[in-house]
Amino acid sequence: MKALSREILKKAQKNSYAVASLNFIDGLTAQAYLEVCEEFKVPMILSFAQAHEKWLSLEDAAWIGRKIQEKASTPVVLHLDHGQDISFIKKAIDLGFNSVMIDASRESFENNVKTTKEVVDYSHQRGVDVEAEIGFVGANENLENHEVVNSIYTEVNDAVEFVEKTKVDSLAISIGTAHGVYKGEPKINFERLYEIREKVETPLVLHGGSSTGYDNLRKCVQGGITKINLFSDMINAGFAAIKNENVIDYPSLMINIKENIKEEVINYYKVFGLIER
């Protein structure tokens, strides 16, 4: 069923768990996510990133997402991840996305506020929720178009001011995670998370969940994170199916890809506190 991001995240915040934001790039990945959510009766934020339009058009992503929402008996948000320009975000809203992220985190604080506020004003008039990012979540080597760059931690006072000025529905913060797959051990600034959580009532989002480590993510959820983005670990799990002994042709490969992805999703939902361990 179609659901509002603000309602799902506020409930997660109240009950101290996190919801997975799962990026899909085709019908197979989206169906794998849906089957887990249906089996365990858990909510999902089904996400499509602007950077992934090279693999799937926005129109096709919207069609798949709407069909998933129609089929689901559990709450599903169709979310645009890392929207990088306002015209693309408006197009996504027109196509049926009911949650969007404006990512102006590499702009100056003032420009980030200005751009985000414009998106919030437009989206809220249409019943669409908005996520934005303050600080900057960097990137390791990955399959997306993120450059390999370091993160810039979110400042507490900036987060407070940003939320007050933009009225965003959720806030992505930078505390040491990065997009893509880590080389080495991730170092998460939990103290910064606790400081932001104490000052900001808006639900907090963590990008770069893949390969951050179950213990780190569990601690992030306990510290107040309500939404965690996952992509690399999902598609890597799917790709690993090519090594399965029972893959003998294309149909069996598709089945194994879906099962591998489902297993990965279940593991993460256990970490996030929505499925019993």
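## Aromatic cluster and ring pairs

Tyr 214, Tyr 268, Tyr 269 and Phe 272 are joined into a cluster by ring pairs. Rings of Phe, Tyr and Trp (its six-membered ring) pair if their centres lie within 6.5 Å; planes under 30 degrees apart are stacked, over 60 edge-to-face, and the rest tilted. The structure has six aromatic pairs.

This is a predicted model, in which local features need pLDDT of at least 70, side-chain atom pairs count only at pLDDT 80 or more, and totals for chains, interfaces and linings use all residues. Residues are numbered from 1 along each chain as its sequence is written, and side-chain values use heavy atoms, with hydrogens and water left out.

## Two pairs between distant parts of the chain

A pair of aromatic rings is described by the distance of the centres and the angle of the planes. Trp 55 and Phe 231 are stacked, at 6.4 Å centre to centre and 25 degrees between the planes. This pair links distant parts of the chain, 176 residues apart: Trp 55 is in the loop between strand 2 (44-49) and helix 3 (58-71), and Phe 231 is in the loop between strand 8 (225-230) and helix 9 (232-239). Helices (H or I, at least four residues) and strands (E, at least two) are DSSP runs, numbered from the N terminus. Trp 55 is partly exposed, at 38% relative accessibility, whereas Phe 231 is buried, at 5%. Buried means under 20% relative accessible area, exposed over 50%, and partly exposed in between (1.4 Å probe, protein chains only).

Phe 109 and Phe 162 form an edge-to-face pair, 6.3 Å centre to centre with 65 degrees between the planes. Phe 109 belongs to helix 5 (residues 109-124) and Phe 162 to helix 6 (residues 156-166), 53 residues apart. Phe 109 is buried at 18% relative accessible area, and Phe 162 is buried at 0% relative accessibility.

## Charges over rings

Arg 126 lies over the face of Tyr 122, 3.6 Å from the ring centre. Lys 219 lies over the face of Phe 190, at 4.4 Å from the ring centre. The criterion is NZ of Lys or CZ of Arg within 6 Å of the ring centre and within 35 degrees of the ring normal.

## Helix 9 against helix 10

In the contact (heavy atoms within 4.5 Å), Asp 233, Met 234, Ala 237 and Gly 238 of helix 9 meet residues of helix 10 including Ile 257, Asn 260, Glu 264 and Tyr 268. Tyr 268 is also one of the residues in the ring cluster.
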